[in-house]
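This report looks at how the inside of one protein model is packed and where open space remains. The sequence and structure come first, and the description follows.

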Amino acid sequence: MVGPACTTAARVRAGVISPVDVAVDALTRIGTENRKINAFACVRAEHARAEAAALGQRVDLDVLPLAGVPVAVKQNVAVDHPVVTRLRAAGAIVVGTTAMPELGLWGTTDSNGVITRNPHDVGRSAGGSSGGSAAAVAAGLVPIAHGTDGLGSIRVPAAACGVFGIKPGRSVVPAEIGTSSWDGLAENGIFASTVSDAALGLSVLAGRPDLAELHQPRTLRIGVAVASPSRWIHVDRHWTAAARIAGAHAAALGHHVEPIELSYEGTMAAMLLRWTTATLDDADALTEPDRLPERTRKHLTIGRVIRALHLVRPKQLDRIESRLLDFFENFDVVITPTLAASPPRARQWATRGWAANVVSCLRYAPFTGLWNLVGWPAASLPMGTHPHAHTPLAAQLIGQPGSEATLLGLAAQLELLN
């Protein structure tokens, strides 16, 4: 298994191992293990070796924060994107691009008959839409991976695969995802097997070295909200327990913790409307849109009707954020379950109908989309294992804009107790 990013970079900087050795080790493991889970859409073996060799000749190798660290990048981001440029400038080696569903629309990952599977149970999905990145980290193929998050596409697969994933708040990391970054909903973020690795990766993506320095947060006011965002969606009691356990751990650390009810009024409607319209411009830019699966063509057709009727309005989000700002006057962090249920079965969801896909996504992943609507930072932290599904459980940590360091610090504290 590839070692932690922080450890690998330190050893490369010290000259204990070479970037080429690290890259070859990662590529060998990918070649052996990826066929079981299909995390990678493309493995850049020759390019990665060449990048590693060139990196070894750099005169500033000893100061690079990600010196020689193998990373994976979600395939919807171009190789010249600012976040990829920043990763390479920090010394990371891009070993490949990771699998995702078409246009990043779905909460499961499969494409052209290839299913991305959960390393904890290959009979279940790795989640989506950044399912390939989450699976790559969970399987130990890379220590950190890039992902994008439009309505939960980092936190959902992070929870499904049992790794840490964080979506930063708006404008912390350059977005520039597709045509309009999902109309401003989507952000670039990071997956890692440890909070410290995630903090290091996020610090590079954001161009903020301070984020890599984990600090014990001051005593926080934390609310634990376990109720479902919709009366139509049931929350598995073990996922409810995951959030409550995270809250209990926080209380044991000395934070002020209390159960709360979080208002989701208007959020499901606002999320559903934007889910159907957010990728219309990206779809229009495709050269062969007719090759999209039927589920996505129907999704886009509905979105075009919604756009034509002007049903997506900024005031919807203004009201939601205003309520949240009032609520967070009394809290620094809110903890919820990341998911409402364990991930669906691994199957070719792209061949199933639109309704089946929508119901599946909403049934197991209703908690994450709100924080994209308002552009606030949120993270998913592993929190044990489901006793029946035997797949990971996780809690979602949310804070106001600018609270990335607080969320990372709290997550690092909780990680030690988990």
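## Packing and open space

Leu 66 touches Ala 9, Leu 87, Ala 90, Gly 91, Ala 92, Ile 144, Leu 200 and Val 204, leaving aside residues up to four places away in sequence; contact here means heavy atoms within 4.5 Å. The model is predicted, so local features need pLDDT of at least 70 and side-chain atom pairs count only at pLDDT 80 or more, while totals for chains, interfaces and linings use all residues. Residues are numbered from 1 along each chain as its sequence is written, and side-chain values use heavy atoms, with hydrogens and water left out.

Leu 66 is also among the residues with the most contacts inside the largest nonpolar core, together with Phe 164, Trp 275, Ile 335 and Trp 371; this core has 100 residues. Helix 8 (residues 195-206) gives the largest share of this core, 8 residues. Apart from this core lies another, of 31 residues, including Ala 23, Ile 30, Leu 61 and Ala 72. A nonpolar core is a set of buried Ala, Val, Leu, Ile, Met, Phe, Trp, Tyr and Cys residues joined through side-chain atoms within 4.5 Å. Buried means under 20% relative accessible area, exposed over 50%, and partly exposed in between (1.4 Å probe, protein chains only). Helices (H or I, at least four residues) and strands (E, at least two) are DSSP runs, numbered from the N terminus.

Ala 45 lies in helix 3 (residues 45-56). Ala 45 counts as partly exposed because its relative accessibility is 23%. Ala 45 and Val 24 are 21 residues apart in sequence, and their C-alpha atoms are 8.4 Å apart in space.

The open spaces come next. On a 1 Å grid over the protein atoms alone, a cavity is a set of points where a 1.4 Å probe fits but cannot get out, and a pocket is an open set with protein on both sides within 12 Å along at least five of seven lines; lining residues have an atom within 4 Å of a point. Grid points are joined across faces, edges and corners, and a volume is the space filled by probe spheres set on the points.

| Space | Volume |
|---|---|
| Largest pocket | about 800 Å³ |
| Second largest pocket | about 250 Å³ |
| Largest cavity | about 200 Å³ |
| Second largest cavity | about 40 Å³ |

The largest pocket is lined by 32 residues, and Pro 101, Glu 102, Leu 103, Leu 286 and Leu 292 lie nearest its centre. Strand 4 (110-111) and strand 8 (144-149) each supply at least two residues of this lining. By class, the lining of the largest pocket has 10 nonpolar, 15 polar and 7 charged residues. Here Ala, Val, Leu, Ile, Met, Phe, Trp, Tyr, Cys and Pro count as nonpolar, Asp, Glu, Lys and Arg as charged, and the others, Gly among them, as polar.

The lining of the second largest pocket has 11 nonpolar, 5 polar and 1 charged residues. Helix 5 (131-138) and strand 14 (378-385) each supply at least two residues of that lining.

A search of the whole structure finds 2 cavities of 30 Å³ or more. Of the 16 residues that line the largest cavity, Leu 105, Leu 151, Trp 275, Cys 361 and Ala 365 are the closest to its centre. For the second largest cavity, helix 10 gives the most to the lining, with 3 residues.
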